[in-house]
Amino acid sequence: MHKKFLRIGSLAWLIILDGMRRHALLGLFLFALTCETGGMFFFDFIPRDIGRASNDFLFSISWLAGILFVLFHGIHIAAWDDERRTIHTFLARPISRTEYVLAVFLGLAVLLFVLNCALGGTGWLVLNLIRKSVNNAYFQHLSLSNFLLAGTGLFVIELILLSVIMFFSGSIRGSFPVLLLTISYYLICSGLPVVRANLKQNAEHASTHVLATVLKGMTAFFPDFSQLDFKTLVASSELVPSAAQVAMPFLVSTLYIAVVLWIACSIYQRRDLQ
């Protein structure tokens with residue numbers, strides 16, 4: 001068991017070094033920093049509630065940078081590519097296929113964590129700078145604990161997408177099909193809550209109840225990412241949910257990631273490399 005963890009850690013370290021060598025983190029960090037710097041020139045045009053507007057803007061930039069990392073660098077590393085034969089070397093002994101899946105996921109997760117920490121740190125500094133530069137009436141509330149909670153929720157959403165990418169990469173070949181499937185998956189996860197809310201408002205017929213039940217059951221395959229969205233609590237006076245309400249989405253998401261990775265490992269075990 002100890003040797004397995006060493007092999008997983010060694011390959012994960014190679015994934016991390018590859019990400020550093022390709023400047024994946026540096027490029028996205030500079031992109032986000034440029035957007036944040038440019039956005040600071042437009043905060044003076046916001047008539048009121050500057051805190052909430054700036055907070056939403058900064059988290060949107062962090063979300064965009066994380067999604068770009070997942071959809072491009074993550075898929076590029078995880079997807080099967082006929083032109084790059086390195087996967088045959090990784091899957092040869094003594095690296096098993098299960099260890100390969102877990103190592104790639106771990107390496108990408110560490111890179112994503114570093115990126116989120118860098119973006120979160122600059123975002124917190126920018127929020128404090130904006131708060132000090134405006135009247136207190138326009139930026140009344142700012143909570144570090146809620147900021148960390150919101151950042152953790154965003155990171156878990158990105159981890160879910162990474163686990164799904166590992167599942168798709170074991171099922172089909174090519175990075176472009178994996179990219180299309182991942183985007184479709186994300187759009188379905190984002191659209192299902194809207195459809196369910198619309199059905200609740202128009203729940204008049206029995207068929208509508210049946211459809212609502214089906215859509216609710218689809219949450220097991222397409223989780224509701226809004227349950228992990230806590231950014232509105234950072235710069236507002238809204239009541240913070242209880243510890244149980246906060247912990248439940250994270251526990252369910254952790255279980256979801258574990259199940260998806262287990263399925264991905266099973267697929268890789270049965271996959272023909274040719």
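Colleague: In what order do the elements of the chain run from the N terminus on?

Modeller: They go α-α-α-α-α-α-α-α-α, and the tally is 9 helices and 0 strands. Helices here are DSSP runs of H or I with at least four residues, strands are E runs of at least two, and both are numbered from the N terminus. Bear in mind that this is a predicted model, where local features need pLDDT of at least 70, side-chain atom pairs count only at pLDDT 80 or more, and totals for chains, interfaces and linings use all residues. Residues are numbered from 1 along each chain as its sequence is written, and side-chain values use heavy atoms, with hydrogens and water left out.

Colleague: How do I read burial, and what share of the 274 residues is buried?

Modeller: Buried means under 20% relative accessible area, exposed means over 50%, and partly exposed is in between (1.4 Å probe, protein chains only). In this chain, 42% of the 274 residues are buried.

Colleague: Which residues in the largest nonpolar core touch the most other members?

Modeller: A nonpolar core is a set of buried Ala, Val, Leu, Ile, Met, Phe, Trp, Tyr and Cys residues joined through side-chain atoms within 4.5 Å. The largest one has 72 residues, and Phe69, Val104, Ile160, Met166 and Tyr185 touch the most other members. Among the elements giving it two or more residues are helix H1 (2-21), helix H3 (50-78) and helix H6 (144-171). H6 supplies the largest share, 15 residues.

Colleague: What is valine 104 in contact with, beyond its neighbours within four places in sequence?

Modeller: Contact means heavy atoms within 4.5 Å. For valine 104, the partners are Ile15, Ile77, Ala78 and Met166.

Colleague: Now glutamate 99: buried or exposed?

Modeller: Glutamate 99 counts as buried because its relative accessibility is 6%. This residue is in helix H5 (residues 97-133). Setting aside residues up to four places away in sequence, glutamate 99 touches Lys4, Arg7, Ile8 and Pro94.

Colleague: How do I check a helix, and how far apart are the end C-alpha atoms of H9?

Modeller: The expected span is 1.5 Å times one less than the number of residues. Helix H9 (residues 243-270) has 28 residues and should span 40 Å; its end C-alpha atoms are 41 Å apart, which agrees.

Colleague: And how many disulfides are there?

Modeller: A disulfide is a covalent bond between the sulfur atoms of two cysteines. The rule used is a pair of cysteine sulfur atoms within 2.5 Å, and the count comes to 0. Cysteine 35 is partly exposed at 24% relative accessible area, and cysteine 117 is partly exposed at 41%.
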